[in-house]
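Please look over the sequence and the structure below before reading the notes that follow.

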Amino acid sequence: MYVLLINAALIAIYGPIVSSKSKKVCVTLIGIQLFLLLALRAESYGPDAEIYAAGYRYISSLTFSQMLGALNPNILDNANLIYLYDFENGWVVLNWLLASLGFSYQGLIVFLAAVTSFSFCFFSLRYSDTPWFTLFILSTMNFLWYSISILRQTLALSIFLFGIIYIVKRKPIKFMLVILLAMMFHRAVILAALLYPLSRTKMTKRKLTYIFIAFVVLCALSAFVLPEVLKMILGVFGKEGLALSFSWNSLITLHIVIVVAILLLFDVDKMTEEFNANLSLCGVAASLLFCSVSLNNEVLARADEYLWIFVSLLIPVCLRQADPRLAVLGKMGAICLLLPFLAYQIYGTTLDPYISIFGPIF
């Protein structure tokens, strides 16, 4: 897993240098690097790798009529496949199409790597003040690691990133169509639909303070009240059997550090005069609340990715408020914080996605 650290460190080294000449060239180089990182990995990596690979082989064996017959008319439910293959309709169609074109399961991985890397670069270049820095943040906050193992959700996230333009342009119908498309690959993306109404409300320092207080209260209630409430909600999606008990983790700590730093060090009211900055702050604030009610359950907490990804835009916006010399120090401080955070996340990981290609040195 050290290759993830190497990837992030390389972005931090050449990103500011190349970006000073051309942001597009810099993003292109980073995009190629991210694509290779995601594509050149062992297909056996990930907790669900065997199911994904076996599911691909099973779906590829279906005829066109059998594939159509397996699709569920209810997009909130999964396709009607045999036991173990709990996949959404869109995932079934994508697998069948790629298999019909002659691609192996590794070909599916390469396809997803291309979509993911392109969506991250598109997102960073279009909405970030400092695209290389945003891509560095995405490389250190589990987004790439998740992209290696939680394939359906990552594809849904990529589709959602292309749909942000309809939040900016205030086209709610088109935005919801993008969400519905993304739901064909992972239903948890419905959480991202909250961003449209949230973006219509201007975030203020007072509101952010109240949200932080609500976070503290919800964390206190998590062990006593929320498990029973969530069981009823998850029952709608057939997930009532999930284990629900609150536990602290390093990502929750990082949420708190970033939100408290924004409240204490930056002018929130001035920052949110810009629509993109306001949208980013709304996303991070919503993420703070969601991480308190998700109880750090693995399945629920991963859904926070759709909201938490906006922190990669918000940090550069905050640093732009500071004096240029302080902004440089702030970036260096963020790099010094996030590289150890990534190292902590991957420490002790036994499954290495690159060992079958590059050998045990990585």
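This is a predicted model: local features need pLDDT of at least 70, side-chain atom pairs count only at pLDDT 80 or more; totals for chains, interfaces and linings use all residues.

Residues are numbered from 1 along each chain as its sequence is written, and side-chain values use heavy atoms, with hydrogens and water left out.

**The whole chain**

- The chain has 22 helices and 0 strands, where helices (H or I, at least four residues) and strands (E, at least two) are DSSP runs numbered from the N terminus.
- Of the 362 residues in the chain, 52% are buried, a word that means under 20% relative accessible area, with exposed meaning over 50% and partly exposed in between (1.4 Å probe, protein chains only).

**Helix α11**

- F175 is found in helix α11 and is buried, because its relative accessible area is 0%.
- Leaving aside neighbours within four places in sequence, F175 is in contact (heavy atoms within 4.5 Å) with residues including F160, G163 and Y196.
- The C-alpha atoms of F175 and G163 are separated by 5.9 Å, although these residues are 12 apart along the chain.
- K174 also lies in helix α11, which covers residues 172-183, but K174 counts as partly exposed because its relative accessible area is 44%.
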